[in-house]
Structures are given as C-alpha cells and as structure tokens.
Amino acid sequence: MNSDFSRIPVAVIGLGLMGGSFAKRLKELGHPVIGINRTESVAREALSMGIVDTIDPGDLKKAEIVIFCTPEKGTLAFIKEHLSLLQKGAVLTDIAGVKNGFAKELRAILPKDVDFISGHPMCGREGAGLSQADGRIFEGSNYILIPEPWNRKEHLELVRKLALEMGCAHVPVVTAEGHDRAIAYTSDLPHVVATSLMNSRSYSEETKYFIGGSFRDETRVADINEDLWTSLFLSNREKLVEEIDRFREALDRAREAIAAGSEEDIRKFLKEAGRRRREMIDHGSH
C-alpha cells in the first residue's frame, strides 16, 4: 500500500454524475485516477476534461481502491469480466443505494485477498450524467459504511479515510438491513413525494408563476434519472411501500385536523414537526 495516502491510485467504474464527481474530487486531491465507463465516448470525455489520467481497463491492475458507481448488475458483470485485472489486496467499494445481500454475492466470486466494502455517500444533485459532475458534493456530507463480518478492519479504515479526505463530515457505520430501512425513509420516499407533487392533477402551465422557495425545494429531486430510481425503488420495494403507508398516515392526520378546523390539532402537528426538524439539524451539525 502506498505510504502517501493522496498518491494511492483509485479506479472509478461508471462515469456518470456520481462517478464523475468522485473522479473530479480525487484528481483535485492528487490521486492518480483510472476512469472506466461502458460507453467509451463518456470515458474519453472525462479524459479530455482532465478528471481521469487513463481510461484503459488494463490499468485497473494499478488501482489499490476501486469505486463502483454502477448499478448492482453492472458491478457484478464488470467484476466477473475483469477479475484477473484486480490488484492483489485491492479494496473494492460501491455507492449503491440499496444493499440487500449484494456484498455476500460478491464475496463468493472475489479472490480471498480482495475485499469489498459496502458504502453509500449521502450526497448528489439533480440531473444525471458526467456533465453534471461536481467534486464539491461530498463536502460536509455523510458517507455510510456497511461492514460485513469478513471485512478487514484496515480496509474499512481505508475507505473511511478516503471519505473524510474527500470532505465528508461523518462516516457512520450501520448494518445492511438498518441502511435499507433508513434509506427507504430519507431518500426513496422524498423522491416519491417530489415526483408525486409534480404529477398532481393540480399541475398546469400556470404553475410556474406561483412557485416560491418551498415548492422549488420540495420538488428539486423530481428532475430524476428514471432508470436509476426505478431500479432503486424496486430493490427496496417492501420497505419503501411501508414508508409510503406511514407517510400517508401522517398526511391523513394533517388532513383530518384541517378538515375538522381544529386549530389545536393543526398547531400540535406543526409544532411537533418543527421540533423534530430542529433536533435533526442540530444533531447533524455536530
């Protein structure tokens, strides 16, 4: 392992919004970056942008850390195809939004000396593709690690160190089940809500003349990569359906209080939401 951390060669597989953002940030930090993308024209674009040093899959053997910014099926297919190119002792990690047993599936095909650490950076931005990549999205964000019993401590520490180096503020550690449960609420559900707001029967050509900050903020993530999010919703289907039901319960409580004209119930509902929001933000900033 390279003794100067910022000189560790890193491979980024999949150069879309997130992969491009990783490549940009890692290059800024001084890492040699190997960028690989299924569509070669995108990889060539990343090369011309100067955010990767090479796009030759043969250079994968130089990478001490390999970050997969691809859907699970793509990650699995890539690893099977390029198994012989993985460096002995390489640390593989991913950014997949749902974890459900994927690490175990990979362990079955990886050499004993290659470790896969499941990860999920809680950051991003609207839009999709390399053109939207921004190395600053990691600053102050949370980077979740989902360790398995067979992961080596030094490899977990390596990915943790990488996240902190990129500017992430916290690197919480959770189980795969705990991760998928929380993500159904904090990530999947808001995307369902934002897209549902935009797909409401109330939407019209005139809507744009009436939007303020709240509508703009609440619908920001409705500009969505539909293929990616269809896959994420279905991967976490059971937990997401449960969260939609819980959200509907909260919405019904608000509806009932408003329909009944109950000032006390409305005030109580709003006060509780405000208290929880302050608690969440205060806690998150420590």
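Is the way α6 passes α9 a left-handed or a right-handed crossing?

Modeller: It is right-handed. First, some ground rules. This is a predicted model, where local features need pLDDT of at least 70 and side-chain atom pairs need 80 or more, while totals for chains, interfaces and linings use all residues. Numbering starts from 1 along each chain as its sequence is written, and side-chain values use heavy atoms, without hydrogens or water.

Now the two helices (DSSP runs of H or I, at least four residues, numbered from the N terminus). Helix α6 covers residues 176–198. Helix α9 covers residues 237–259. Their axes (lines fitted to C-alpha atoms over the stretch in contact) come within 9 Å. They cross at roughly 55 degrees, on a scale from 0 to 180 degrees between N-to-C directions. The helices are therefore oblique to each other. That is the class left over after roughly parallel (under 35 degrees), roughly antiparallel (over 145) and roughly perpendicular (65 to 115).

Next, look at who meets whom. Contact means heavy atoms within 4.5 Å. From α6 come E177, D180, R181, A184, Y185, D188, L189, V192 and V193. On the α9 side they meet K239, L240, E242, E243, I244 and F247. By class, this contact has eight nonpolar, seven charged and no polar residues. Here Ala, Val, Leu, Ile, Met, Phe, Trp, Tyr, Cys and Pro count as nonpolar, Asp, Glu, Lys and Arg as charged, and the others, Gly among them, as polar.

Zoom in on L189, which sits in α6. L189 has a relative accessible area of 6%, so it is buried (under 20%; exposed is over 50%, partly exposed in between, with a 1.4 Å probe and protein chains only). Leaving out residues up to four places away in sequence, L189 touches A184, L240, E243, I244 and F247. Take L240 from that list. L189 and L240 are 51 residues apart along the chain. Yet their C-alpha atoms are separated by 6.7 Å.

Finally, step back along the chain to H170. It lies in the loop between α5 (153–165) and α6.

How values were computed. Left-handed = near helix turned anticlockwise from the far one by under 90°.
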